[in-house]
Each structure stands twice: as C-alpha cells, then as structure tokens.
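Hi,

Here is the structure I promised to pass on. Have a look at it first, and my notes follow below.

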Amino acid sequence: MKKKNIVLALTLTVALSGAAFAADEKKDEILAKVGPETVTQADFDEVMAGAQPNQAAYFGTPEGKRALVEDMADSVLFYLWGKDNKLTETEKYKETMAELEKRVLAGMAMEKVLSGAKVSDEEVKKFYDDHKAAFKVPESVKASHILIQVSKDAGNDLWKKAKKEVTKIRKDILAGKVSFEDAAKRDSDCPSKSRGGDLGFFTEGQMVPEFEKAAFATKIGDISDPVKTQFGYHIIKVTDHKDASEQPFDEVKDGIRQQLLQQKQRDTLSEYVDKLKKTYKVEILLPEPKEVSADKK
C-alpha cells in the first residue's frame, strides 16, 4: 500500500526549495522520466536526507522506494504544470524567489567568507601546550558498595543495628560465603544494587567526604571497614584505580581544532559584519531593551 499522504508533503517541500529537480541532469541512475524532466537516484537520496527515521526505514524497502519515486514524479508533474500555466509570472512567485535569492546569496557569501578561516597544526599544538591544565585527568577510583540505609532522624539504636548488619555482610564476603556482587544485589539499599553495587569511576569531589576518603584509601580488591555517612553505613570494594594523568595530544587534537575553528569563524564573521556596515547602512528600528535593575531580578 502506497503512503501517498506521508511522502507527498515531503517531496513537495524539497521541490519547492529548488533542490530536488535541478535543471541540469545529474550524472546518476534515472529512476523516473516525467516529460522533459527526470528523477534520479541523487534526487531520491536528497529527499531521503530530509525524511524522519520511520519514513526513511519505509523508503529503504523496495515498496517504499517505488512509492517515494512515484510521489516525486507527481511533484514534477505539478512543476511542469506550473511552468506551462505561467505561474512564474505571478507576483507571488517573484516575491518567493526574491526571498529565496536573499537566503541563498547570504548563505553562499558566508560560506565564501568562512572558507578563509583555517586552523594550522601549529595553532592546535600551541593551544595544547598553553592549556595543559585543561587536559589533566584527575585521580579516580572504580568502586562498588553495599549500603544499609539509615534515615537522618533515626535514633542511635538504628545506627548501631545498621553497622552490625553491614559488618556481618562484610564478614560473610571475606569468608567466601557470598560474593560482594551477590550480597549487594541481596542486601544493599542503593539503586546500584542491580549492578552488584557498581558505582563506576569517580574522582574527588563527586562523593560525600567520608565515602570518598575511604574509597581512595582502599586498595584494589580490598573491602573497606564499615563507613558511616549521612545515608547510613557502607562497605566499599575498590575494583580499579587510575592515577592522575594528562590526555595525550593525539587524543584531543581534533577537538581542539574544531574549537579553534569555531572561534576563528565567529571572529571572521564579526570582522566582516563590521566591514560591511561601513559600506551598507544598517538601521534597527526597534527600541533598545530596557535594563532590568538589580532589585527587580
């Protein structure tokens, strides 16, 4: 079954943008002929690029491709009819094309200006060398924990009970009666229990101080003594430990280049805007927005 309603609006949008059916024939497989015009694979790919994921999935099937090409051919029929009925001579067509010309020329002009904005390998390396602190990776540990939760307003007896419970769990793990992961899944009050208590890697400042201090002081493979925090009592198993390091240049150079290029493009456009304002007068006819006083914020 053809999905006419889905694809017709899409193909008409592309056709109206002037992108789908170029006057010069593309050197590509011809999928349909409509009078003097053709629908090529390149035209099909261009419409597909604007499709929603569910539409693209359908158009990727033989049935869907056929339906889309038929609807693209329908759009060409309207294009030919419009030409033959001299819609190109109407004021609406002329106004639309004039607006389109502004957008296309503005885009092309910006593209031309920005083509001169380039970032050299030397600039990338200099940025890296000048900002070494930004590429430092802090010390981190990977740990799992088991939490016996205690409410903030609990009495001393409940805190003692939680400590006794977590101490017993630790003793059973060390005796080999149960694995840390299974004990976490069975006994922990933290959502991480579904992962065997795994918290992943974390650095200083990401956990509450008491927990963090114990985790960084525990050796890989060891299980900490019970640790009291505002959440209750924990036991912590450290599974990995990474010393502080520095990201290698090769790992970050592409990101640096992109960052520098974006800044250079902004600066280039700003410079050209200032230059063009000396040639073409700009008047903004809206009033300046009023500043909001500090006491009204």
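Let me start with S224, which sits in the loop that links α9 (209–217) to β6 (227–229). Helices (H or I, at least four residues) and strands (E, at least two) are DSSP runs, numbered from the N terminus. S224 has a relative accessible area of 7%, so it is buried (under 20%; exposed is over 50%, partly exposed in between, with a 1.4 Å probe and protein chains only). Beyond its neighbours within four places in sequence, S224 is in contact with R170, T218, I235 and I236 (heavy atoms within 4.5 Å).

Some background: this is a predicted model, where local features need pLDDT of at least 70 and side-chain atom pairs pLDDT 80 or more, while totals for chains, interfaces and linings use all residues. Residues are numbered from 1 along each chain as its sequence is written, and side-chain values use heavy atoms, without hydrogens and water.

On confidence, the chain has a mean pLDDT of 89 (the predictor's confidence in each residue, from 0 to 100), and 89% of its residues reach 70 or more. Please take care with residues 1–26, where pLDDT stays under 50. Where pLDDT is low, the predicted coordinates should not be read in detail.

In helix α2 (residues 41–49), the buried residues include Q41, D43, F44, V47 and M48. They lie on the same side of α2, because they cover an arc of only 160° around the axis (taken from the directions from the helix axis to the C-beta atoms).

Best wishes
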